[in-house]
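Grab a pencil and work through these exercises one at a time. Try each task yourself before you read its solution.

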Amino acid sequence: MTNIASIYQQASTYPHVTSDAFVASSIIEIADGEVLHDPNLARMVIEREGTPLSLPDSCSDVPTYKVALNRADPQKVFERRVAIIGIGSNCSPDVLIKKFQSAGVGGEFLILQATLHESAVVHGAFIGGKATVPATVMPYKETHTDVTVGFYTPEQAAALTGTEPNYELLQMKNSLAVRGSDAVSAFDPGALLYVSVWGALTLDKTLPIALQDIPSRTQLQKMNSPQIMQEVAELLGRSGNVEEFFNSIPTLPVAERLEHIFNIRNMGRALPAEFAGTCVKKSSIAELCSPENPAPHIRYL
């Protein structure tokens with residue numbers, strides 16, 4: 001049974017990462033939950049493979065990569081891996097382990113440290129089913145954001161892409177800069193990224209708000225989850241008891257939660273979703289929206 005009293009507190013810890021998650025690259029073993037932080041992961045070679053892969057319900061194939069760790073004895077190689085960027089809770093090895101274990105998917109995966117240039121990880125203009133105000137990405141000049149990039153097996157990638165109904169999965173046009181690597185500073189364009197169809201939350205109808213817990217170099221205002229949840233509650237006229245409001249979210253019919261999201265949009269507090277890339281997988285939230293209030297679309301640059 002869901003513990004209603006703890007929902008707000010759990011949502012307040014989103015994106016469930018601290019700055020420590022953006023320091024070391026890791027090898028993660030799903031079955032036993034082991035996370036190996038290894039400075040030697042900086043010595044590697046990332047190569048794009050020739051055979052693309054089709055993910056379930058995808059509208060285009062995605063590239064795969066081979067990652068060779070340059071250890072003398074023995075050399076460890078991750079083959080046929082899908083590169084998916086983490087911008088929120090998917091930066092957390094613990095969150096990823098729970099997702100994969102729940103989906104019955106095993107094996108190892110690799111998380112590297114990377115940087116999105118000219119892009120901001122910001123609070124999305126929507127409320128998730130678990131009462132969070134989740135992250136999204138939008139272009140923003142002179143902003144450089146620390147992210148992670150996971151290299152997943154096809155089974156792991158399929159399980160992960162099935163957990164994000166409010167997002168479109170896109171393939172980036174630009175290469176991704178890998179931090180702390182001796183062997184490669186970027187790898188060929190093709191990494192996948194989640195961008196929410198709901199766009200970015202704005203309080204002044206002009207600028208988004210960056211996630212405080214995701215390290216970035218930016219002039220944008222930064223807020224953590226408790227702060228942005230307070231702002232969302234005020235927008236929706238529920239500032240009298242913020243905790244009670246967010247505790248109620250998981251019990252609401254989907255149509256009622258979507259009504260809150262469309263109220264935010266109708267106030268002009270949602271900046272349109274846009275990013276430089278091509279669509280790989282459509283959002284499934286559109287299936288739950290009505291003809292009168294259809295889900296918005298991402299503008300691909």
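**Exercise 1. The covered side of a helix**

Task: Work out which elements cover the buried residues of α4, and which residues of helix α4 are buried.

Solution, step by step:
- Keep in mind that you're looking at a predicted model. Start with the cover: α1, β6 (108–123), β12 (200–201), β15 (222–223), α5 (242–248) and α6 (254–266) are among what covers the buried residues of α4.
- Finally, step past the end of the helix. After α4 comes G237, and its phi is positive, near 70°.

**Exercise 2. Zooming in on M229**

Task: Decide whether M229 is buried or exposed, then find which residues M229 is in contact with, leaving aside neighbours within four places in sequence.

Solution, step by step:
- Locate the residue: M229 belongs to helix α4.
- Check its accessibility. Buried means under 20% relative accessible area. M229 has 1%, so it counts as buried.
- List the contacts, skipping neighbours within four places in sequence: Y8, A11, S12, A131, V133, V242 and F246.
- For a sense of distance, pick T278. M229 and T278 are 49 residues apart in sequence, and their C-alpha atoms are 31 Å apart in space.

**Exercise 3. Two residues with positive phi**

Task: H16 and E118 each have a positive phi without being glycine. Find where H16 lies and where E118 lies, and sort out how exposed H16 is and how exposed E118 is.

Solution, step by step:
- Begin with the angles. Phi is near 65° for H16 and near 55° for E118.
- Then place them: H16 is in the loop between α1 and β1, while E118 lies in strand β6.
- Now use the cut-offs: under 20% is buried, over 50% is exposed, and partly exposed is in between. H16 has a relative accessibility of 35%, so it's partly exposed. E118 has 36%, so it's partly exposed too.
- While you're in that loop, check P15, which is also placed between α1 and β1 (26–29). The peptide bond leading from Y14 to P15 is cis, and its omega is near 10°.

**Exercise 4. The largest pocket**

Task: Describe the largest pocket: how much space lies in it, which residues are closest to its centre, and how its lining divides into nonpolar, polar and charged.

Solution, step by step:
- Start with the volume. The largest pocket holds about 820 Å³ of space.
- Go to the lining, which has 33 residues; Y14, S89, K99, K130 and T132 are the closest to the centre.
- Sort the lining by residue type, and you get 14 nonpolar, 14 polar and 5 charged.

**Exercise 5. The partners of β4**

Task: Find which strands are joined to β4 by bridges.

Solution, step by step:
- Take β3 (residues 44–48). It runs antiparallel to β4, with 5 bridges between them. For an example, look at E47, which faces K66 in β4.
- Now take β5 (residues 76–86). It's antiparallel to β4 as well, and 4 bridges join the two. Here A68 stands opposite V77 in β5.

**Exercise 6. The partners of β7**

Task: How many bridges join β7 to β5, to β6 and to β14?

Solution, step by step:
- Find β7 at residues 135–152; 13 of its 18 residues are buried, which makes it mostly covered.
- Count 5 bridges with β5, running antiparallel. In this pairing, I85 has V149 of β7 as its bridge partner.
- Count 13 bridges with β6, again antiparallel. Here V122 is partnered by T136 in β7.
- Count 2 bridges with β14 (residues 216–217), also antiparallel. The partner of H144 in β14 is R217.

Definitions and conventions. Residues are numbered from 1 along each chain as its sequence is written. This is a predicted model: local features need pLDDT of at least 70, side-chain atom pairs count only at pLDDT 80 or more; totals for chains, interfaces and linings use all residues. Side-chain values use heavy atoms; hydrogens and water are left out. Two strands pair if DSSP finds at least two bridges between them. On a 1 Å grid over the protein atoms alone, a cavity is a set of points where a 1.4 Å probe fits but cannot get out, and a pocket is an open set with protein on both sides within 12 Å along at least five of seven lines; lining residues have an atom within 4 Å of a point. Grid points are joined across faces, edges and corners, and a volume is the space filled by probe spheres set on the points. Ala, Val, Leu, Ile, Met, Phe, Trp, Tyr, Cys and Pro count as nonpolar, Asp, Glu, Lys and Arg as charged, and the others, Gly among them, as polar. Buried means under 20% relative accessible area, exposed over 50%, partly exposed in between (1.4 Å probe, protein chains only). Contact means heavy atoms within 4.5 Å.
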